[in-house]
Structure formats: structure tokens, C-alpha cells
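Please take a moment with the sequence and the 3D view before reading on.

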Amino acid sequence: MKFRWKYAFFILLTIMIIVPIIVGTLVFMGDKQEEKSMRDVPKQGEPIFDIESSKDQLNFLIKEQLAQLKSGRNPKFDYSVELKDNVQVKGYFTFFSNEVQFTMDFEPQVLDNGNLLLKEESIKLGELKLPGSKILEFIKGSTDLPPWVEINDKEETILLKLNQIKLKDQLFLKAESFDLEKDNIRFKVYYITEE
């Protein structure tokens, strides 16, 4: 009899925690589904000019863009991206006050819609090779990514939705070629047209 109030208290506490979580999940999940379906609508447009680039030029741009994203970022997690013969992501995270280094290599692939799919080739944590899904899951949950970057930890891929990058004056971007070994990197810029 003495412990009935304790059981009642814990049951009430559990209900008070679980119900708001379930309600919040249902409310926000519907918004994300609707928002995602709106974002994934392919844009229609006419190509207006081509862009050719090199690995060095894109490495400079990536470095500058990451510097802007990193302002105010968690100091216990950091990464950099470099284009070599593949896409290489290097970084560290803090684990029990120790910096743990990681390296990820991705093979880029241009999709039919002009977006880039980065397929995981290898992931190392320190000197230990790991399944890519766990590291990608950690990155997905540990950092704010632009809305046009989508990590699929189960398939071990990163999708760069180039056509979702906000450009001015009704413009959007599609990749034409992304051959890093031959340093052949080309994009097309499109002007959005009405359907």
C-alpha cells in the first residue's frame, strides 16, 4: 500500500512525457512530408549558359562555403571537404575529451535530374574501418546541413540536390559532368520557365 502512490506517480510521469512526444512527432512529421514533396518537384527550365570548373576552383568554393556554415557550430565536431580523385570528407568529433579523427571517401555520380549522388567507398574512424551507415547517421544528427544536402545513412549515400540551391533571378543548377579523375567538371544554369 505504501508504494501505490509511487507507482501512480511514475505512471503519470510517463504519460506526461510520452504523450507530448507522440503529439509533437505527429504534428511535425506531417509538415516535413508535405514540405519534402513540395521541394522534390522537378523544376522546368531552359539552359542559358554552361559553367566549367576545376577541382582547385571548387575546393576553394567549398572551403569558403563551409567557413560560413561553421560560424557558431559545435566545437566538438568539425569536418572539411576536399575534391581529389574522389570526394573526401575529413574531420573529428570529441569523445570523452579526446578528438577522434574520421575520413570518408565518396564516388560522385551525376543523376539524370542533374543532382549529384555521393556513394560511400570507405570510412575510417582513426585507423579502424567502419560501416558507413553509422558515421553518416552520426553526421546527420550532429550538424545542421543545408536543405539541399540529404544524407541517407541506410544506403550510405549523400544526395546533393543542386536544383534546390537558391540562386537569384529564377535560376537553378544541374550537373552535366563530375569526373574528378579527369578534372572534367561541368554544370548548366537553367532559367525557370512556367509550365
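Helices (DSSP runs of H or I with at least four residues) and strands (DSSP runs of E with at least two) are numbered from the N terminus. This is a predicted model, in which local features need pLDDT of at least 70 and side-chain atom pairs count only at pLDDT 80 or more, while totals for chains, interfaces and linings use all residues. Residues are numbered from 1 along each chain as its sequence is written, and side-chain values use heavy atoms, with hydrogens and water left out.

The protein chain contains three helices and ten strands, and along the sequence these elements follow the pattern α-β-α-β-β-β-β-β-α-β-β-β-β. If a contact is taken as heavy atoms within 4.5 Å, then among contacts between residues at least 6 apart in sequence, 45% join residues at least 24 apart. The chain exposes about 13,800 Å², of which carbon and sulfur atoms supply 57%; accessible areas here come from the Shrake-Rupley method with a 1.4 Å probe, and for residues only the protein chains shown count as cover. Of the 195 residues, 30% count as buried, where buried means under 20% relative accessible area, exposed means over 50%, and partly exposed lies in between (1.4 Å probe, protein chains only).

On the surface, I48, F49, I51 and Y191 form a nonpolar patch with about 340 Å² of accessible area together.

Helix α2, which spans residues 55-70, holds A67, a residue that is partly exposed because its relative accessibility is 47%. A67 and S80 are 13 residues apart in sequence, and their C-alpha atoms are 9.3 Å apart in space.

The loop between β2 (77-83) and β3 (87-95) contains N86, which counts as buried because its relative accessibility is 14%. Leaving aside residues up to four places away in sequence, N86 touches D105, F106, E121 and L180. The side chains of N86 and E121 are joined by a polar contact of 3.2 Å, a term for a pair of N or O atoms within 3.5 Å; within protein, one must be able to donate a hydrogen and the other to accept it, and residues adjacent in sequence count only if both atoms are side-chain atoms.

Notes:
Patch = residues over 30% accessible without salt bridge, like charges linked within 9 Å, V, L, I, M, F, W, Y side chains within 5 Å. Salt bridge = Lys/Arg side-chain N within 4 Å of Asp/Glu carboxyl O.
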